[in-house]
Amino acid sequence: MLLFSAALIAGLILLVISSDKFIEHSALVAEKMNVNPMIIGITLVAFGTSAPEMVVSAIAALDNAPEIAVGNVLGSNIANIALVFGITLLFSAIPIAPGLSSKEVPLVLVITLLTGFLLFDQNLGVWDGIILIAAFIIILTILLRGSKDLQSELKEGLPEDDGASVGKSLIIALIGLAILIGSSKLLVWGAVGIATALGVSELVIGLTIVAIGTSLPELAASVSSVRKGHHDIAIGNILGSNIFNLATVLPLPALIAPGMIDESIISRDYPWVLGLTVTLAIAIYLFQKTKNNKIPRWLGLPLIASYGIYLLVISTSGSL
């Protein structure tokens, strides 16, 4: 048990660090090889927020632990809103960026409802994965279309040139990728071991420990952006991550290890994903109409409390 716990903790730490380095230096390699900044920016937008969940879910599915993969996706979306956004609000009220309610909010609601529709038959199949990927392409097109200054916005998200050679950046990116894959395998191995030792389901481990771990980058990015005064980034991080978790990460277990899913995903976990997503959407719509156009700090406490209630529900669930 101690070995599995150490493996899981080490895997999470290495996952967060290696994911950041891999994405950053892959972008630097592309920049130095004169790849179109638009392409690099779009890639970062699409995969930057969900890289840990993506690799962990792929490894879990390949290691015949698809429930960890599915639990990771749904659990991350729950943690992103209730825990990450809740903690972020404790630091500051969050201004609501113009256009958020007309683009990102409807998209996160649509992809969440689509996911529920596809999971309702308790089967995550290949066609479900294909439909989600098609939805991802449509969503990405909508997100990127209509921006008045798209190219400059995408360039702003690119890392600054560190002065290193292409070869050095490539080596760092490859090392980051190797550690990313290795740490994901270590994390999944530890998670499966803990689930077996405690007699709980792999789904629960995926929904809790693994999901919280892979949501750490979102927490760090959101808190950091708020403390630096970039308040509008915080909501964008949460909504973007949740959209791409469902549209790009969930298809991985569907394509790699299709099959039946636990009934509790539909009866217990998905309703929490939908409920928290709708709650955040309502909060954005309501507080956007207030005088200061901000989501207040006090909302952070009930969000964090809701995550505690969710963990209590899981702990008393018969599907442990």
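## I133 and helix α6

I133 sits in helix α6. This is a predicted model, and in it I133 comes out as partly exposed, with a relative accessibility of 33%. Helix α6 covers residues 126-144, and UniProt lists a "transmembrane region" at those residues in an unreviewed entry.

## A nonpolar patch on the surface

I133 also belongs to a nonpolar surface patch, together with L62, V126, W127, I130, I137, L255 and I256. Taken together, these residues have about 750 Å² of accessible area. Of the contributors, α6 gives the most, with five residues.

## What else UniProt marks

Besides 126-144, the unreviewed UniProt entry puts a "transmembrane region" at 78-97, 233-258, 270-287 and 299-318. For residues 78-97, the model gives 70% helix and 10% strand. The end C-alpha atoms of that span lie 22 Å apart.

## Two salt bridges

Side chains of opposite charge can pair when their charged atoms come close. How many salt bridges does the structure hold? Two. One of them joins K185 to D63, with the closest N and O atoms 3.2 Å apart. K185 is in helix α8 (residues 166-198) and D63 is in the loop between α3 (51-62) and α4 (66-91), so this pair ties together parts that are 122 residues apart in sequence. Are its two partners buried, exposed or partly exposed? K185 is partly exposed at 38% relative accessibility, and D63 is partly exposed too, at 36%.

R268 and D269 make a salt bridge as well, and here the closest N and O atoms are 2.8 Å apart. R268 is buried, its relative accessible area being 7%. D269 is also buried, at 0%.

## Aromatic pairs

Now for the rings: the structure holds five aromatic pairs. One of these brings us back to helix α6, where F136 pairs edge-to-face with F244. Their ring centres are 5.9 Å apart, with 75° between the planes. F244 lies in helix α11 (residues 231-249), and the pair links parts of the chain 108 residues apart. Both F136 and F244 are buried.

F287 and W298 make another edge-to-face pair, at 6.2 Å centre to centre and 75° between the planes. F287 is in helix α13 (residues 263-288), while W298 is in the loop between β4 (294-295) and α14 (300-315).

Methods. Residues numbered from 1 in each chain as written. Predicted model: local features only at pLDDT ≥ 70, side-chain atom pairs only at ≥ 80, totals over all residues. Heavy atoms only, no water. UniProt positions renumbered as here; feature names shortened; annotations may be inferred. Helix = DSSP H or I, 4+ residues; strand = E, 2+ residues; numbered from the N terminus. Salt bridge = Lys/Arg side-chain N within 4 Å of Asp/Glu carboxyl O. Buried < 20%, exposed > 50% of the residue type's maximum accessible area, 1.4 Å probe, protein only. Phe/Tyr/Trp six-rings, centres within 6.5 Å; stacked < 30°, edge-to-face > 60°. Patch = residues over 30% accessible without salt bridge, like charges linked within 9 Å, V, L, I, M, F, W, Y side chains within 5 Å. Areas by Shrake-Rupley, 256 points an atom, 1.4 Å probe, with all protein chains shown as cover.
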